Amino acid sequence: MTNFSDLQAKRRSIYALGKDVELTNQELIDTIQGAILQTPTAFNSQTSRVVILLDEESDAFWNEIAYSELEEVTPAEAFEGTKERLAGFAQAKGTILFYEDQDVVKGLQEQFPLYAENFPLWSEQGHGIVLYAIWLALAEQNIGLNVQHYNPLVDAKLAEKYDIPANWKLRAQAPFGEIKAPAADKEIQTENRFKVFGN
């Protein structure tokens, strides 16, 4: 069993990703689904939904859907850098698409009107916890991941291709795979982040 604080330190944004991972596709699916199913949510709402794209499906997302949508909105002089980033993401083993089910959020707002304004916020918090749980679970298996936010640009084409329900709201996209190069060193800010009272 990995020490939790060590696992937190191990989890980093990995951008140099490859397809050669030790887990089978089914083991990857089980790892991702297991992390989601054990994640707590406000009112046990379980609003998170994911689509797991593996191998050629992940490649097609970055090389076709994301590429075409970003090409339309990115100035030509800036698109070369964008193309390089997308090509890097396409080298990954897979991509996780993170969604939040808005029908569940609205249903809870109707059921508990006193807390209605909080449910969208709690849904976003749940999304963050799910993403982090998956990130840690994959890091434990020596699989790298980074998080991207090309929504809402890619939403419509994803919905069409994968029959995504209209009530699912895309929140993030996370390519994952073999760690081909470690993350760069990062500075951790500690000043003015904590207050402690009592013994």
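The following questions and answers concern a predicted model.

User: Which element supplies the largest share of the largest nonpolar core?

Analyst: The largest nonpolar core has 22 residues, and those with the most contacts inside it include Leu28, Ile96 and Phe176. Helix 2, strand 3 (94-101), helix 6 (119-140), strand 4 (143-145) and strand 5 (168-179) each supply at least two residues of this core. The largest share, seven residues, comes from helix 6.

User: How many residues does the second, separate core have?

Analyst: Nonpolar side chains tend to be buried together in soluble globular proteins. Apart from the largest core of 22 residues, this model has a second, separate one that includes Leu53, Phe61, Leu70 and Leu158. The number of residues in that second core is 18.

User: What span does helix 6 reach from its first C-alpha to its last?

Analyst: Helix 6 has 22 residues, for which 32 Å is expected at 1.5 Å a residue. The span in the model is close to that value, at 31 Å.

User: Which residue just after helix 6 takes a positive phi?

Analyst: Helix 6 covers 119-140, and strand 4 covers 143-145. Just after the helix, a positive phi of about 60 degrees is taken by Asn142.

User: Are the residues of strand 3 buried or exposed?

Analyst: In a regular strand the side chains alternate between the two faces of the sheet. On one side of strand 3 are Gly94, Ile96, Phe98 and Glu100, and on the other are Thr95, Leu97, Tyr99 and Asp101; both faces are covered. Eight of the eight residues of strand 3 are buried.

User: In what sense do strand 3 and strand 5 pair?

Analyst: Ile96 stands opposite Ala174 in strand 5. Strand 3 and strand 5 pair over eight bridges, and the sense is antiparallel.

User: Which residue in strand 3 is the bridge partner of Val50?

Analyst: Strand 2 (48-54) pairs with strand 3 in the antiparallel sense over seven bridges. Within strand 3, the bridge partner of Val50 is Phe98.

User: Why is Thr47 classed as buried?

Analyst: Thr47 lies in the loop between helix 2 (25-37) and strand 2. Leaving aside its neighbours within four places in sequence, Thr47 is in contact with Tyr99, Glu100, Asp101, Val104, Val105 and Ser123. Buried means under 20% relative accessible area. Thr47 is therefore buried, as its relative accessible area is 2%.

User: Which residue of strand 5 that stands opposite Ile96 is also in contact with Leu145?

Analyst: Leaving aside its neighbours within four places in sequence, Leu145 is in contact with residues including Ile96, Leu138, Ala174 and Phe176. The residue opposite Ile96 in strand 5 is Ala174.

Notes:
Residues numbered from 1 in each chain as written. Predicted model: local features only at pLDDT ≥ 70, side-chain atom pairs only at ≥ 80, totals over all residues. Heavy atoms only, no water. Helix = DSSP H or I, 4+ residues; strand = E, 2+ residues; numbered from the N terminus. Buried < 20%, exposed > 50% of the residue type's maximum accessible area, 1.4 Å probe, protein only. Contact = heavy atoms within 4.5 Å. Core = buried A, V, L, I, M, F, W, Y, C linked by side-chain atoms within 4.5 Å. Expected span 1.5 Å × (residues − 1). Pairing = 2+ DSSP bridges.
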